[in-house]
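Here are a few exercises to work through with the model open beside you. Try each task before reading its solution.

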Amino acid sequence: MLLGTEAVVLRSIPYGETSRIVTLFTQEKGKLTVMAKGARAAKSRFGSSLQVLSHNQVVVYYRPSRSLQTLSESGHISLYHRVTQQLDRLAAGLRVCELVYALTEDEEPQPDIYALLVRTLEALDEPQASADCIQMYFQVRLADALGYAPDFDRENVQVLDDAGGYLLLDSGTVVAQATAGRTVQYASRAALRTFAILARAELEVITRMQLSPERLSEARQLVDDYLRYHVAEAYPTRGEAIFRELGRQHPS
């Protein structure tokens with residue numbers, strides 16, 4: 001059957017002399033791998049729509065029994081020009097795609113994650129966007145969508161003193177004292193408050209956040225550790241290292 005759906009390109013690799021194998025995250029079917037025949041030809045009908053980070057309208061020849069589907073049509077909804085032209089935003093966008101690729105199952109519809117992915121890329125494309133904060137926001141909200149929403153009381157975060165506190169990694173609870181028998185991560189009050197904001201605030205607020213290098217580094221480690229705890233070996237590390245290196249060279 002013909003499947004028409006929106007999709008974001010997560011991965012695109014050459015195949016043979018003229019084709020590509022492309023992993024899409026689709027609105028209808030979740031993660032879907034397709035063959036784009038002739039995509040590398042000089043006059044390909046796909047144009048530049050198969051670049052990673054492209055947000056497209058696609059048509060797929062879909063058969064449930066096949067692991068590799070056939071892409072018929074693909075056209076841009078958005079290419080997110082600021083994301084692809086600025087290194088810190090590009091690194092964040094690629095990291096977001098890497099996380100979705102690694103932490104979702106093939107052909108499992110995930111409309112909440114799809115909507116989160118598109119909103120995140122749109123936010124990264126805003127003129128004054130903080131790539132660091134948006135990438136952390138995505139990671140915390142992805143944990144939520146995967147069933148690992150942080151569970152903390154706002155009051156417990158607000159009453160933390162200068163000594164800081166702890167994040168219980170199994171539940172996302174913020175406490176002032178470490179709890180015996182629980183895996184915890186110590187953090188400053190500022191970093192724990194940042195974590196709480198990332199988990200509860202609207203994306204428009206996150207886009208405008210500005211953090212000091214010290215607070216950013218600590219908050220990023222907290223966010224990384226939280227998601228890594230829940231997804232274990234599935235957590236991808238290659239893009240994380242690239243993102244941090246680019247962040248040091250091109251701070252947002």
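**Exercise 1.** Leaving aside neighbours within four places in sequence, with which residues is M136 in contact?

*Before you start.* This is a predicted model, in which local features need pLDDT of at least 70 and side-chain atom pairs count only at pLDDT 80 or more, while totals for chains, interfaces and linings use all residues. Residues are numbered from 1 along each chain as its sequence is written, and side-chain values use heavy atoms, with hydrogens and water left out.

*Solution.* Step 1: take contact as heavy atoms within 4.5 Å. Step 2: search around M136, and you will find L198, L211, L216, A219, R220 and V223. Together with L117, L167 and I206, M136 has the most contacts inside the largest nonpolar core, which has 56 residues. Such a core is a set of buried Ala, Val, Leu, Ile, Met, Phe, Trp, Tyr and Cys residues joined through side-chain atoms within 4.5 Å; buried means under 20% relative accessible area, exposed over 50%, and partly exposed in between, with a 1.4 Å probe and protein chains only.

**Exercise 2.** Is H230 buried or exposed, and which backbone oxygen lies 2.8 Å from a polar atom of its side chain?

*Solution.* Step 1: locate H230 in helix α8. Helices (H or I, at least four residues) and strands (E, at least two) are DSSP runs, numbered from the N terminus. Step 2: check accessibility; H230 counts as buried because its relative accessibility is 17%. Step 3: look for the oxygen, which belongs to L169. Step 4: beyond four places in sequence, the contacts of H230 are Y148, L169 and D170.

**Exercise 3.** Which strands pair with β1, and how many bridges join each pair?

*Solution.* Step 1: recall that two strands pair if DSSP finds at least two bridges between them. Step 2: follow β1 to β4 (residues 55–61), an antiparallel pair with seven bridges; here T5 faces V58. Step 3: turn to β2 (residues 19–26), which is joined to β1 by eight bridges, again antiparallel. V9 has L24 as its bridge partner there. Step 4: inspect the three residues between β1 and β2 in their hairpin, where G16 has a positive phi near 65°.

**Exercise 4.** In what order do the strands of the open three-stranded sheet run?

*Solution.* Step 1: read the order as β7-β6-β8, with antiparallel pairing. Step 2: identify the edge strands, β7 (173–175) and β8 (184–187), each of which pairs on one side only. Step 3: examine β6 (residues 165–168) against β8, where four bridges form and G165 stands opposite A187.

Notes:
Polar contact = N/O pair within 3.5 Å; in protein donor to acceptor, adjacent residues only side chain to side chain.
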